[in-house]
Amino acid sequence: MNWLIDFFGNADNWSGPDGIPVRILEHLEFSAAAFLIAAVIAVPLGLLIGHTGRGAFLVVVSANTARALPTLGLLVLVVLLIGVGTVLPVLIPLIVLAIPPILVNTYEGVRGIDADLRDAAYGMGLRGHQVLFQVLTPSALPLILLGLRLSAIQVVSTATVAAFVGLGGLGRFIIDGLATKAYSDVIGGAVLIALLALAVQLGFTLLNRAVVSPGVRQVR
Amino acid sequence: MNDEPLIRWDWIARNWDNGGPSAIKTLLESHVAMALLPVVFGLLVALPLGVACARWRWLYQPTAGLMNVIYSLPSLVLFSIFLSVTGLTQTTVIIPLTFFTLAVLIPAVVDGLGAVPDHVRQSAVAMGFRPLRRLLQVELPVAVPVVLGGLRVATVSSISLVSVGALIGQGGLGNLFIDGWQRQFYTPIVVGIVLIAALAVLSDGLLVFAQWLLTPWSRARRGTA
């Protein structure tokens with residue numbers, strides 16, 4: 001507790017380029033960029049693979065690989081290979097690790113839809129893309145959102161570790177604190193990141209309530 | 001950017017078993033211990049808790065909520081918080097990873113038990129199985145595929161997450177990443193990634209084999225169908 005008071009009570013921690021507000025903004029900025037790019041790639045791809053049934057092996061392979069690969073190793077290797085200094089080399093592993101949860105859950109969401117529903121939609125004369133966007137996507141939405149939530153959490157987490165290879169953000173408090181044995185910074189940073197992760201979690205719960213059709217929600 | 005090759009085989013040969021604390025073999029052993037102990041502890045706790053949640057459904061909502069919260073916390077955050085309690089020891093890595101295992105396994109046990117067909121349960125009752133024996137000899141065996149599915153996810157994640165512990169000095173093979181980063185030397189990093197991925201694939205394969213052994217009925221069905 002004393003460490004928390006040391007950290008949050010220190011006025012120096014609230015201003016300047018390594019102050020809490022700046023670090024929070026940095027963390028949000030990198031995380032949002034990586035998450036949005038991953039979503040733009042993975043949601044359409046997952047919908048397409050789920051709808052056509054082609055390329056399902058890609059989904060399985062990506063899910064297993066992403067879980068088995070050590071985040072820290074990937075970050076260190078990619079940044080060493082591409083070069084330190086800019087943000088881009090750090091964003092690449094962030095995006096790569098954010099894609100599989102979205103891809104897998106979007107795919108599963110579309111695949112798991114009752115075949116009767118799909119047939120009924122075609123029977124009513126809807127075309128392929130209409131079935132996909134007006135029937136399958138809304139029905140798969142709970143799982144798509146689950147994938148997006150898991151991915152967002154993964155990104156926040158990876159961005160924390162990425163402080164080790166020079167990315168800004170809240171992870172800096174932990175990494176720098178560990179290096180200088182300033183444990184109040186370590187604990188303070190950890191608490192801030194935990195709050196951020198919980199806010200992300202809460203945000204997705206609210207989003208789920210807002211956008212998932214009540215009919216779909218009842219079934220699940 | 002430099003001319004350093006991605007892998008130097010002679011470095012691996014020299015450091016595989018150099019007798020010191022940074023020998024690859026030593027790191028591999030501590031990595032396996034730190035990754036698998038949480039899975040074992042997690043399973044031992046998740047089975048009774050999962051059974052309790054399946055029996056008394058009101059328990060499940062709060063438990064699942066709590067597990068969801070824990071699962072959303074980055075591993076480095078939990079390591080940092082436990083650092084103030086357990087110091088720079090392996091325990092600081094093992095405790096948080098046990099929580100992550102629980103977060104995956106408790107829902108798996110509950111779903112597995114929930115997926116036991118009602119007619120199976122009723123048959124067991126009709127055959128005179130008392131609740132405890134029914135649980136141990138009928139319901140849990142039927143739930144094995146779902147529980148093992150969760151166990152596979154937990155094991156593979158645990159193996160890769162241990163390496164983050166390197167940031168607090170206890171990362172098993174993850175220490176190779178720090179070493180490689182500090183010296184701008186690719187070989188240890190590549191060795192670490194490859195060994196961790198290999199460990200993950202091997203453990204996953206063993207669990208699939210375990211499932212094959214534990215569910216002989218699924219093979220019989222496939223044979224006759």
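**Set-up.** I am working with a predicted model, where local features need pLDDT of at least 70, side-chain atom pairs count only at pLDDT 80 or more, and totals for chains, interfaces and linings use all residues. Residues are numbered from 1 along each chain as its sequence is written, chains are lettered from A and ligands numbered from 1 in the order in which they are written, and side-chain values use heavy atoms, with hydrogens and water left out.

**Chain A, fold.** I counted helices and strands, taken as DSSP runs numbered from the N terminus (helices H or I, at least four residues; strands E, at least two). Chain A has 10 helices and zero strands. Its pattern along the sequence is α-α-α-α-α-α-α-α-α-α. The C-alpha trace of chain A spans about 65 × 40 × 25 Å along its principal axes.

**Chain A, burial and surface.** I called a residue buried under 20% relative accessible area, exposed over 50%, and partly exposed in between (1.4 Å probe, protein chains only). Of the 220 residues in chain A, 52% are buried. I took contact as heavy atoms within 4.5 Å. In chain A, 72% of the contacts with a separation of 6 or more are between residues 24 or more positions apart. Accessible areas are Shrake-Rupley values with a 1.4 Å probe; for residues, only the protein chains shown count as cover. Chain A has an accessible surface of about 10,300 Å², with 67% on carbon and sulfur atoms.

**Chain A, record.** I checked UniProt next; its positions are in the numbering used here, feature names are shortened, and annotations may be inferred rather than shown by experiment. The unreviewed entry lists "transmembrane region" for residues 30-50, 71-99, 131-148, 155-175 and 187-207 of chain A. Residues 131-148 of chain A are 100% helix and 0% strand, with end C-alpha atoms 22 Å apart. Residues 155-175 of chain A are 57% helix and 0% strand, and the end C-alpha atoms lie 17 Å apart.

**Chain B.** I repeated the count and found 10 helices and zero strands in chain B. The C-alpha trace of chain B spans about 70 × 45 × 30 Å along its principal axes. Chain B has 225 residues, and 48% of them count as buried. It exposes about 11,000 Å², with 67% supplied by carbon and sulfur atoms. For chain B, the unreviewed UniProt entry gives "transmembrane region" at residues 32-54, 66-88, 94-117, 138-169 and 189-214. Residues 138-169 of chain B are 75% helix and 0% strand, and the end C-alpha atoms are 45 Å apart.

**Contact between the chains.** I listed 35 residues from chain A and 38 residues from chain B in the contact. The two chains bury about 3,200 Å² between them, 81% of it on carbon and sulfur atoms.

**One loop residue.** I found B:Ser163 in the loop between helix 7 (131-161) and helix 8 (174-183) of chain B. Is B:Ser163 buried or exposed? B:Ser163 counts as buried because its relative accessibility is 0%. Beyond neighbours within four places in sequence, B:Ser163 contacts A:Pro70, A:Leu72, B:His31, B:Gly171, B:Gly174, B:Phe177 and B:Ile196.

Technical notes
Buried area is the accessible area (1.4 Å probe) that two parts lose on being put together, summed over both.
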